[in-house]
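Hi,

Here is the structure I promised to hand over. Have a look at it first, and then read on for what turned up.

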Amino acid sequence: YICQVVTDILERYDVDGLHIDDYFYPYPTPGIPIPDNAYFRANSQGFTDIGDWRRNNVNLFIEQLWATIRTVKPWVKFGVSPFGIYRNVKNDPNGSKTNGLQNYDQLYADVLLWVKNGWVDYCVPQIYWEIGNKAADYAELMYWWNKNCTKTTLVIGEDIERTAKFNQMEQKMKMHAELPNIQG
């Protein structure tokens with residue numbers, strides 16, 4: 001259905017890009033499970049772990065959306081704004097030195113797979129924390145994304161309220177300029 005809507009948008013409007021936010025599966029709410037167990041049992045697609053099944057569903061969606069855009073208007077850019085933490089290092093040696101919600105494990109979004117496979121033209125991770133944040137340090141995440149998101153355009157999603165509150169705009173922009181893969 002979403003691909004049909006995107007096809008309609010692309011055919012009727014002169015757009016340069018299509019951008020989606022990070023809502024693939026709902027943000028976890030304690031005590032409220034995602035109501036998809038019946039779907040998983042009915043069509044597990046060979047997966048035994050519901051988390052892997054959910055990630056596969058999102059991967060299939062991203063790939064299909066990318067293919068739809070390429071078929072209708074191949075010059076239109078496709079990008080995504082994932083939550084700023086891919087994985088914490090305690091769960092994955094390749095993760096960031098953070099302690100927070102994770103794209104891969106709790107939102108079921110394997111952003112690095114999409115980048116690796118060329119399914120996104122740009123990535124705008126939501127690094128909405130301040131430099132020095134104990135759970136999710138902005139600098140740590142900037143370096144992590146710069147290192148791990150090298151096969152597509154990388155632009156950092158900012159939180160202006162926290163940046164202004166901590167008077168960090170100048171520091172953050174300096175970091176952007178120093179890191180070779182960050183383009184905005």
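Contact here means heavy atoms within 4.5 Å. With that in mind, the cover over the buried residues of α1 includes β1 and α3. Please keep in mind as you read that this is a predicted model.

Let me begin with helix α1. Its buried residues are Cys3, Val6 and Leu10. They span an arc of only 60° around the axis, so they sit on the same side of α1. An α-helix has 3.6 residues a turn, so residues three or four places apart point the same way. On the other side of α1, the exposed residues are Gln4, Glu11 and Arg12.

How does α1 pack with α3? Helix α1 (residues 2-12) and helix α3 (residues 50-72) meet at an angle of about 25°, and their axes are 10 Å apart. Angles under 35 degrees count as roughly parallel, so α1 is roughly parallel to α3. The crossing of these two helices is right-handed. From α1, the contact involves Ile2, Cys3, Val6, Thr7, Leu10 and Glu11, and from α3 it involves Phe61, Gln64, Leu65, Thr68, Ile69 and Val72. By type, the residues of this contact are eight nonpolar, three polar and one charged.

Leu18 lies in β1 (residues 17-20), and it counts as buried because its relative accessibility is 14%, where the cut-off for buried is under 20%. Beyond its neighbours within four places in sequence, Leu18 touches Val6, Leu65, Ile69, Val76, Lys77, Phe78, Gly79 and Tyr122.

Next comes helix α8 (residues 169-178), where Lys172, Met175 and His176 are buried. Their arc around the axis is only 105°, so they too share the same side of α8. Glu170, Lys174 and Ala177 are exposed on the other side of α8. What do the buried residues of α8 pack against? The answer is α6 and α7 (160-165).

Helix α6 (residues 138-148) is also the place of Asn146. With 10% relative accessibility, Asn146 counts as buried. Leaving aside neighbours within four places in sequence, the residues in contact with Asn146 are Leu154, Leu179, Pro180, Asn181 and Ile182.

Tyr108 has a positive phi of about 60° although it is not a glycine. You will find Tyr108 in the loop between α4 (103-107) and α5 (111-117). Asn167 is another residue other than glycine with a positive phi, near 50°, and Asn167 belongs to the loop between α7 and α8. Are these residues buried or exposed? Tyr108 is buried, because its relative accessible area is 11%. Asn167 has 68% relative accessibility, so Asn167 counts as exposed.

That is what I have for you.

Best wishes

Conventions: Residues numbered from 1 in each chain as written. Predicted model: local features only at pLDDT ≥ 70, side-chain atom pairs only at ≥ 80, totals over all residues. Heavy atoms only, no water. Axes fitted to C-alpha atoms, helices over the stretch in contact; angles between N-to-C directions. Helix = DSSP H or I, 4+ residues; strand = E, 2+ residues; numbered from the N terminus. Parallel < 35°, antiparallel > 145°, perpendicular 65-115°, else oblique. Left-handed = near helix turned anticlockwise from the far one by under 90°. Nonpolar A, V, L, I, M, F, W, Y, C, P; charged D, E, K, R; others polar. Buried < 20%, exposed > 50% of the residue type's maximum accessible area, 1.4 Å probe, protein only. Arc of directions from axis to C-beta.
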